[in-house]
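Below is a short briefing on one structure.

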Amino acid sequence: MCNTNDDRLRRALDSIPVPAPGDGFNARILAALAEPQSGWPARLTSVRPMVHAAVCALAVTLILLRWSAPSPNSPTPVSETAGAQAALPALSLDNVDLTRLSLLDVEALARRPVPRPAEAPQPQEPDLHSDLSPDRKAALA
Amino acid sequence: MVSEFAGKIAAAESKEATVDRREMEQIERACAGDAGAVDWLVSRYRVRVVRLAAHVLGDAEEAKDAAQDAFIHAFRSLGGYRNEGRFYTWLYSIVVRVCLDRRRLAWWRRERPLETPDDGFAASGGEIADVELLIVAKSLMAQLSPPMRAMLVLRELEGLEYEEIAQVLRIPVGRVRWRLHAARAQFQELWQRAVEETESV
């Protein structure tokens with residue numbers, strides 16, 4: 001009769017059937033030990049922790065590289081815009097005689113909004129009906 | 001009375017020391033390649049190793065294979081055993097590792113179910129097992145993870161200390177205590193439920 005939970009647990013675990021080792025158990029082990037062990041499994045076992053560490057390090061490195069590197073297809077509009085913005089005051093200053101201006105005037109000039117260069121005119125579609133009479137054009141329209 | 005008890009303890013300690021000395025001699029001889037010493041060590045530990053493997057794996061045939069694998073691993077790497085602990089602690093750590101590797105492989109291959117029929121098992125101890133206890137024990141083991149099963153068997157059946165179990169499983173002692181406490185509470189709950197069910201019937 002078991003009095004405590006621990007005793008009952010021990011008895012319960014002991015009641016679970018377990019296999020008997022059986023005949024030839026030792027002989028199979030001795031036979032396996034007598035065979036020459038091939039080289040690479042033993043070496044693989046000894047270097048397994050290092051291989052695991054190397055694989056983990058490689059995976060982390062690849063993830064970090066993928067995360068930090070910019071995508072090759074994405075444009076860099078920020079840098080181009082910044083370069084254009086910086087070039088505009090310089091262009092405006094080139095057209096002014098700076099020898100007659102004070103430093104405050106130059107600063108004000110640099111801050112003055114510069115008109116953007118006019119956009120290039122869109123190429124017009126060629127008029128395929130230029131040699132038709134006005135009546136014919138109206139009829140086609 | 002007291003002196004008689006002290007005498008018995010001293011005799012038991014002396015016997016244990018003799019066995020340990022003999023075991024150390026056999027380990028040294030096995031390390032040198034003596035097949036007789038290997039046979040002696042296998043015979044000494046095979047029942048316990050197969051029992052541990054059977055509880056961790058829950059499969060009779062696989063338990064025997066795993067036990068043999070563990071012995072082969074152990075004797076091939078016997079040079080790595082440097083008397084840092086008891087030989088059985090070192091051997092059990094190999095058994096648990098081999099069993100967990102097999103369980104992982106089985107999970108990857110999805111070959112075997114965790115619980116299998118009792119074919120190939122023989123009742124331990126030679127006593128008629130209490131059916132209720134057996135059912136509750138099986139139910140408990142089915143609910144626990146393989147490392148938890150190993151922990152429970154090492155503590156309750158092999159009688160290892162918490163520190164030794166921590167050494168075998170390579171986990172902190174605190175975790176061993178906490179998990180064993182949780183397993184015992186789980187068993188208590190299952191037992192109470194079984195008793196209530198029996199009474200209600």
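The expected span of a helix is 1.5 Å times one less than its number of residues. This is a predicted model, in which local features need pLDDT of at least 70, side-chain atom pairs count only at pLDDT 80 or more, and totals for chains, interfaces and linings use all residues. Residues are numbered from 1 along each chain as its sequence is written, while chains are lettered from A and ligands numbered from 1 in the order in which they are written. Helices (H or I, at least four residues) and strands (E, at least two) are DSSP runs, numbered from the N terminus.

**Helix H5 of chain B**

- H5(B) has 13 residues and reaches 18 Å from its first C-alpha to its last, close to the 18 Å expected at 1.5 Å a residue.
- A residue is buried if 20 or more other C-beta atoms lie within 10 Å of its own, exposed if 12 or fewer, and partly exposed in between, with C-beta atoms placed from the backbone.
- The buried residues of H5(B) are B:Leu133, B:Val136, B:Ala137, B:Leu140 and B:Met141.
- Seen down the helix axis, these buried residues of H5(B) fall within an arc of 130° (taken over the directions from the axis to the C-beta atoms), so they line one face of the helix.
- An α-helix has 3.6 residues a turn, so residues three or four places apart point the same way.
- Exposed B:Val131 and B:Ala142 sit on the face of H5(B) turned away from its buried side.
- The cover over the buried residues of H5(B) includes H1 (5-15) of chain A, together with H2, H6 and H8 of chain B.

**Packing of H2 and H6 in chain B**

- H2(B) (residues 35-57) and H6(B) (residues 146-156) pack at an angle of about 145°, with their axes 8 Å apart.
- Axes are lines fitted to C-alpha atoms, for helices over the stretch in contact, and angles run from 0 to 180 degrees between N-to-C directions.
- Two residues are in contact if their C-beta atoms, placed from the backbone, lie within 7 Å.
- B:Leu52, B:His55 and B:Val56 of H2(B) meet B:Pro146, B:Arg149, B:Ala150 and B:Val153 of H6(B).

**Where the chains meet**

- In chain B, 41 residues are in contact with 25 residues of chain A.
- H2(B) gives the largest share of the side of chain B that touches chain A, with ten residues.

**Chain A**

- Chain A has six helices and zero strands.
- Of its 141 residues, 7% count as buried.
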